[in-house]
Amino acid sequence: MRKRLLGMVLASFLFLSCSLSPEQEVMARSFTLPDLTLRNATYVLDRGNEPPISVIADEIDLYDQTHKAIIRGLHFSQTDEEGNLIISGHADYAEVDTEYYDAELSGSISLEKYPEHLLIEAEALSWIGDDETLLSKGDTPVTLLYEDNKKVQGTGMTATLASFSVTFKTVLEGVISQ
C-alpha cells in the first residue's frame, strides 16, 4: 500500500512539472488551433483606401496571435463605386497575412483583371498587397491570356495590377508584344 501511495505522489509531481504555464498554453493553442473558424463564409475586406474585396470561402481559419488566415476554396471579387468588376478570381488554398494583406495562393488559381480582361492562371502565386503585385514561384509555369485571344506561358512572372504591367523571366510559349 505504501509503495502504491509513493508511486501516485511521484506521478503527480511528474505531471505537474511537465505542464505548461498559462502563458505557454495560450501560445501553444494559438499556433495549433484557430481562434475562429468560418465555414461557407462570406467575408468583406475593407481597407478604407480602396474598394472592398469580397471573399467567399469553403473555410476560413483565423489565427490572431500570428496574424494569419488559412482559406480553403476561395472565390474573390472587387468592384468599383459603380459596381463594375475590377478583379475576380479563385484559388484552392491561401495563407494570408492579416496585418499586411500579403498572401500565398496555391492550387488551381485564376485571376481576371477588368476592364482589360487580363486572365492569369497558375498553380502557385504570391500576392504583395501594398504593391498590388503577383509573383510566380520558381519554375512553376504561369499562363497569361489577354486581348481575348493572345496567350503567353512562362516562368518568373511579375504582374503589377495597378499599372497593368507583366514581365516573365522566361517565356515558354507565345510572344509578348509592346
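Predicted model: local features only at pLDDT ≥ 70, side-chain atom pairs only at ≥ 80, totals over all residues.

Q: Okay, how many helices and strands does the protein have?
A: The protein has two helices and twelve strands, and if you read along the sequence, the pattern is α-α-β-β-β-β-β-β-β-β-β-β-β-β.

Q: And what share of the residues count as buried?
A: Of the 178 residues, 31% count as buried. As for the surface, the protein exposes about 11400 Å², and carbon and sulfur atoms supply 55% of that area.

Q: Let's zoom in on S126. Where does S126 lie?
A: S126 lies in strand β6, which covers residues 118–128.

Q: Is S126 buried or exposed?
A: S126 counts as buried because its relative accessible area is 9%, and the cut-off for buried is under 20%.

Q: So which residues does S126 touch?
A: Leaving aside residues up to four places away in sequence, S126 touches A103, E104, T133, L134, L135 and K137. With E104, one of these residues, the side chain of S126 also makes a polar contact of 2.8 Å.

Q: Switching topic: what kind of peptide bond runs from Y114 to P115?
A: The peptide bond from Y114 to P115 is cis, with omega near -5°, and P115 is found in the loop between β5, which spans residues 103–113, and β6.

Q: What is the phi of H117?
A: H117, which lies in the loop between β5 and β6, has a positive phi of about 55° although it is not a glycine.

Q: What about Y101, then, where is it found and what is its phi?
A: Y101 is found in the loop between β4, residues 85–97, and β5, and Y101 has a positive phi of about 65°, although it is not a glycine either.

Q: Last one: how exposed are Y101 and H117?
A: Y101 is partly exposed because its relative accessible area is 24%, and H117 is partly exposed as well, with a relative accessible area of 38%; partly exposed covers values between the 20% cut-off for buried and the 50% cut-off for exposed.

Methods
Residues numbered from 1 in each chain as written. Heavy atoms only, no water. Helix = DSSP H or I, 4+ residues; strand = E, 2+ residues; numbered from the N terminus. Buried < 20%, exposed > 50% of the residue type's maximum accessible area, 1.4 Å probe, protein only. Polar contact = N/O pair within 3.5 Å; in protein donor to acceptor, adjacent residues only side chain to side chain. Contact = heavy atoms within 4.5 Å. Areas by Shrake-Rupley, 256 points an atom, 1.4 Å probe, with all protein chains shown as cover.
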